[in-house]
Amino acid sequence: EGEEGTEGRFARLLNVVGALVKEDNWLPDCYRVAGEEYRQYLLYCDPLGRYSIVCFVWSRGQATPVHDHGAYSSWGERIGVIGQMIGSEREDAYAYDGTTVRFLNKGKPALPGDVAVVGVQDIHRVINVSEDSGPSISIHIYGNDIGRQERYVYDPLNNARSAFVSGYSEGPPPLLIHHQRSSDRGLVLAEDEQQISFDAVRGHLAAAFRGEEEVAFLDVRSLR
């Protein structure tokens with residue numbers, strides 16, 4: 001696929017994520033549960049591991065360790081798109097030269113509706129800096145299966161790094177359970193009749209195709 005096509009699709013992804021995180025009524029309560037440590041709930045993973053969609057939930061003051069996102073991305077030098085949906089999160093940037101873990105800067109706190117791009121070489125820490133006591137929630141789309149990708153955490157005090165695989169938080173099953181990219185493109189959403197209304201999700205995803213192709217939405221409750 002040509003470079004122009006890749007750039008066009010990535011630009012569309014940024015627009016869709018930006019529109020999606022302007023509303024939060026599409027996300028079921030079961031994906032909003034905070035814990036003693038921050039949570040990362042898998043919403044969808046491509047069967048070939050080309051990308052994953054994850055909902056991150058932080059209680060007030062919780063933070064990730066300093067970490068990277070792995071060396072592989074199906075999007076080249078860009079490995080992720082982050083959309084801030086609820087609360088506020090700040091990114092602290094770091095660098096590692098093989099011997100020293102160096103703090104670079106504190107980023108501007110992200111507010112609901114903000115979208116950021118994460119590069120393959122980026123090393124950072126993310127912290128909930130919301131002024132209220134509620135959790136912060138952001139939607140992350142990565143160019144790999146982030147929960148199964150070997151990557152590194154960094155220790156600035158000891159100038160060290162160690163490999164880890166984060167996995168995903170235990171909880172509800174993925175919200176998007178199947179996505180087939182082909183000339184007959186389909187999307188299947190898992191809907192729990194007690195938990196979720198996905199009208200907003202359906203509208204944003206349908207708009208992303210801009211009428212270029214037919215998009216089918218299937219209620220799978222009767223198939224369980």
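A search of the whole structure, which is a predicted model, finds zero disulfides, a disulfide being a pair of cysteine sulfur atoms within 2.5 Å. Cys55 is in no disulfide, and the nearest cysteine sulfur, that of Cys30, is 9.5 Å away. Cys55 is buried, with a relative accessible area of 0%; buried means under 20% relative accessible area, exposed over 50%, and partly exposed in between (1.4 Å probe, protein chains only). Cys45 also counts as buried, at 18% relative accessibility.

Residues are numbered from 1 along each chain as its sequence is written. Local features need pLDDT of at least 70 and side-chain atom pairs count only at pLDDT 80 or more, while totals for chains, interfaces and linings use all residues; side-chain values use heavy atoms, with hydrogens and water left out.

**Nonpolar cores**

A nonpolar core is a set of buried Ala, Val, Leu, Ile, Met, Phe, Trp, Tyr and Cys residues joined through side-chain atoms within 4.5 Å. The largest one has 23 residues, and those with the most contacts inside it are Trp26, Tyr31, Leu43, Cys55 and Ile139. At least two residues of this core come from each of helix H1 (3–20) and strands E1 (39–45), E2 (52–58), E4 (78–86) and E9 (136–142). Helices (H or I, at least four residues) and strands (E, at least two) are DSSP runs, numbered from the N terminus. H1 supplies the largest share of this core, four residues. A second, separate core of eight residues includes Leu42, Phe56, Tyr142 and Ile146.

Not counting residues up to four places away in sequence, Tyr31 touches Tyr41, Leu42, Leu43, Cys55, Val57, Pro172, Pro173, Pro174 and Leu175, where contact means heavy atoms within 4.5 Å.

**Two loop residues**

Pro173 is placed in the loop between E11 and strand E12 (176–180). At 56% relative accessibility, Pro173 counts as exposed. With the same exclusion of residues up to four places away in sequence, Pro173 touches Tyr31 and Leu42. Pro173 and Cys30 are 143 residues apart in sequence, yet their C-alpha atoms are 9.8 Å apart in space.

Asn159 is found in the loop between strand E10 (151–155) and strand E11 (160–164). Although Asn159 is not a glycine, its phi is positive, at about 50°. Asn159 counts as partly exposed, at 33% relative accessibility.

**Salt bridges**

Side chains of opposite charge can pair when their charged atoms come close. The structure holds six salt bridges, each being a side-chain nitrogen of Lys or Arg within 4 Å of a carboxyl oxygen of Asp or Glu. Among them are the following pairs.

| Salt bridge | Closest N to O distance |
|---|---|
| Asp46 and Arg50 | 2.8 Å |
| Asp92 and Arg125 | 2.8 Å |

Arg125 lies in strand E8 (residues 123–128) and Asp92 in strand E5 (residues 89–96), so this pair ties together parts that are 33 residues apart in sequence. Asp92 is buried, with a relative accessible area of 2%. Of its two partners, Arg90 is buried at 15%, whereas Arg125 is partly exposed at 24%.

In the pair formed by Asp46 and Arg50, Asp46 is buried, with a relative accessible area of 3%, and Arg50 is partly exposed, with 34%. Elsewhere, a network of salt bridges links Asp24, Asp29 and Arg32.
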